[in-house]
Amino acid sequence: MPLLVAVALVPLASAQGQSSDDSTLYCTQGGGPLGAATDAEHSVLVGDPPLRGGVRQSRVSVGGVTTRVLESGPRRAGHAVVFVHGNPDSARDWDALAAAAGPFARTVAIDVPGFGKSEKLPPRFQSTDGAADYIQGVLRRIGVRRAVLVLHDFGGIWGLQWAAKHRRALVGAVLLNTGVLIDYVPHPLAVVWATPGAGEIQMATTTRESFVANMRAVNPRPLPDDFVQLMYDYYDRAERCAILRYYRSASQGFMTRGRDQAAALRPLDLPALVVWGDRDPFIPSTQAEQQRQAFPHARIVRIPDAGHWVHIDSARRVRSLMVPFLRPKLGLKLPIGVQPGNRRMLVRVKVEGILPAYQVVVRLRRHGSLVASSTRQATVARGRVLTLRLSEPLRRGRYVVRVRARGLAPKAVHLRVVPSSRDGA
């Protein structure tokens, strides 16, 4: 088997029926000799970089297990773009993409139990169904009712399991080298991690030097050094044992999950963007086409020479694909029943896309001067009629009606008010 370090991601069940108990004691409280070696070697080199402007950090507890939650955008929005990382990653993987979506949407990134700055030791949620239930618990606690999922690696299995259980809450998905895994053959390291004893030895013999070297070896494009070093900062013994538990939750039926998830999601026919690095050594790019079994009309983009962490090694390209997919578009129709003397104007605002528009404001101007403005910022999903109340009766002449919303390009229509007009045309 080629030398690989504990860096990849997809769950599989070669260890169906095997116990997770291991005579090495690596995942016991004391850790035994192998655990002691890991504890002595592991250190924090980089530490968490500063959060970007506008990002809110909190801790949320679900079932007695706490985790870090990073948010941006409207605080109380019921719709959110929810980012779910893979293995051995964290919520900080999403800093750049969350920043790109934050101007127009609420974004939420969490550390899945066992990773990053989550509470790593309790094993309760460290299975496919457990992670899915934990995601639901977090979203419920922070008031998210509908979600567009942005998923990578193992996060695809966890996130789509959540979606299969809460189909009415899913409105779309961005899949980055992940998704419903169908007819998938696990990579060698997945088999090692699924095997009691062998997995513990592999974890115990991984050092920062070997981790970084192998991350460089398996990726066709260089990953930023700070990204790799931070990944190892989080990669303490508790996280390594969580990884072993996820890979060994054989009773969860990893081998059938892809087909089951696809069967649950296919009838919804939701929008999806699939982006795949063609040189992924862990989940081959042939899996990209399989995503249409869950999302029949998915757009699939394969990026040559990109690897498994496509959102990191091809960050600009992924951002240029994801942002237009997520960002709503404003539309504006001519106001209803406009004629001289009216003190009220009804303006029809349209929103195209899978997310609502926030902080929507309509303004009416005449010769450059403000005549009226909607009295409160509105949230608009699909369409809504907003009312403009004028301080004085509408006069004959030309007006401009303009609509603005948080993070979106404004739209305007020109309006001519004449006595014979019944519809504002």
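Ground rules. This is a predicted model, so local features need pLDDT of at least 70 and side-chain atom pairs count only at pLDDT 80 or more, while totals for chains, interfaces and linings use all residues. Residues are numbered from 1 along each chain as its sequence is written, and side-chain values use heavy atoms, with hydrogens and water left out.

Start with strand β6, residues 170–176. In β6, 7 of the 7 residues are buried, so the strand is largely enclosed by the rest of the structure. Buried means under 20% relative accessible area, exposed is over 50%, and partly exposed is in between, with a 1.4 Å probe and protein chains only.

Which strands pair with β6? One is β5, residues 146–152, parallel, over 6 bridges. There, A147 stands opposite L170. Another is β7, residues 272–277, also parallel, over 4 bridges. L176 faces V275 in that pairing. To count as paired, two strands need at least two DSSP bridges between them.

β5, helix α4 (residues 154–165) and β6 form a right-handed β-α-β unit. Right-handed means that, with the strands pointing away from the viewer, the path from the first strand over the helix to the second runs clockwise.

Next, strand β4, residues 107–110. In a regular strand the side chains alternate between the two faces of the sheet. Both faces of β4 are covered: T107 and A109 are buried on one side, V108 and I110 on the other. β2, residues 65–72, pairs with β4 in the antiparallel sense over 4 bridges. S72 has T107 as its bridge partner. β3, residues 79–84, pairs with β4 in the parallel sense, over 4 bridges. V82 sits opposite V108. From β3 the chain crosses through helix α2, residues 95–101, to β4, and this crossover is right-handed.

Last, R366, in strand β11, residues 357–366. What is the nearest side chain of opposite charge to R366? It is E392, 6.9 Å away. R366 is buried yet has no salt bridge. That term needs a side-chain nitrogen of Lys or Arg within 4 Å of a carboxyl oxygen of Asp or Glu. On charge, Lys and Arg count as positive, Asp and Glu as negative; His and the chain ends are not counted. A polar atom of the R366 side chain does lie 2.9 Å from the backbone oxygen of R396.

Notes: Helix = DSSP H or I, 4+ residues; strand = E, 2+ residues; numbered from the N terminus. Polar contact = N/O pair within 3.5 Å; in protein donor to acceptor, adjacent residues only side chain to side chain.
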